[in-house]
Amino acid sequence: MRIDLRRNRDRMVREQIEARGIHDPAVVRAMRAVPRHLFVEEALIPQAYEDHPLPLGHGQTISQPYVVAWMTALCDIAPDMKVLEIGTGSGYQAAVLAEMGARVYTVERVAALQEAAKVRLAALRCSQVHFKLDDGTLGWPEEAPFDRILVTAAGPVVPEPLVAQLADPGKMLIPVGPSKRGQTLLLVEKQNGRVVSRDMGGVMFVDLVGRHGW
């Protein structure tokens, strides 16, 4: 039986995202537009629009759709913003940000994941996504400052290099907490030289590995 992927994507947006209170029109449009099934292994395509994360290999995952939409909404993205993403993974989050008009700078430490993400995003003509293979906890100092920073892995603390590379005003989303035991999603805001963090709730992410991570 053939799977209607577009219908599954529409249902994902309706039942997993809008039903849970995310109504930002730009986020909803992007989640409806980006074909999530192109960012998972072929054997997992039937599960691409289900309400859970999926494995990518190399100990990494693609986050569940709701988490991607929630974090994107919290970032408050506007067109032409310069966004640093730590943890390219499948490339799906970068594609969603690019669909919203952001200029995305994404850092990945696993070469195989980065190469696969490059192929996927090139096929979708996401020309405003720029890639770097490096320790994500160091950020991308040559391209700083960034209006937004989105970290898709959890470390023990907020890396100081990322705080330094955040624009003023600017916002960063990062999961912080004990490795593999659940974390807290922090919204870090910089305004007039002052940095304030807010607890946005509990999450579960893979480890942020690097000099300022695990």
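Which residue in β2 does Pro-55 stand opposite? In this predicted model, the residue facing Pro-55 is Thr-61 of β2.

## The hairpin of β1 and β2

Strand β1 covers residues 54-57 and strand β2 covers residues 60-62; the two run antiparallel and are joined by three bridges. Two residues lie between the strands of this hairpin, where His-58 adopts a positive phi near 60°.

Strands of a sheet pair through backbone hydrogen bonds, in either a parallel or an antiparallel sense. Seven strands make up an open sheet with mixed pairing, in the order β5-β4-β3-β6-β7-β8-β9. The edges are held by β5 (129-133) and β9 (194-203); each has a single partner strand, so one side of each has no neighbour in the sheet. On average, neighbouring strands are turned by 15° against each other, direction ignored.

Eight bridges link β8 and β9, which pair in the antiparallel sense. Within β9, Gly-202 stands opposite Thr-184.

## Helices on the sheet

Helix α3 lies across β6 (146-151), β7 (166-176), β8 and β9, and runs at about 155° to β7. Helix α5 also packs on the sheet, where it touches β4 (103-108) and β5; its direction makes about 165° with that of β5.

## The nonpolar cores

The largest nonpolar core contains 49 residues, and Met-31, Trp-70, Met-71, Tyr-92 and Val-96 have the most contacts inside it. Among the elements that give two or more residues to this core are α1 (5-17), α2 (25-33) and β8 (183-191). Its largest share, eight residues, comes from α3.

Leaving aside residues up to four places away in sequence, Trp-70 touches Ile-22, Leu-185, Met-200 and Val-203. A second, separate core has 19 residues, including Val-107, Phe-146, Ala-153 and Val-176.

Notes. Residues numbered from 1 in each chain as written. Predicted model: local features only at pLDDT ≥ 70, side-chain atom pairs only at ≥ 80, totals over all residues. Heavy atoms only, no water. Pairing = 2+ DSSP bridges. Helix = DSSP H or I, 4+ residues; strand = E, 2+ residues; numbered from the N terminus. Core = buried A, V, L, I, M, F, W, Y, C linked by side-chain atoms within 4.5 Å. Buried < 20%, exposed > 50% of the residue type's maximum accessible area, 1.4 Å probe, protein only. Contact = heavy atoms within 4.5 Å. Axes fitted to C-alpha atoms, helices over the stretch in contact; angles between N-to-C directions.
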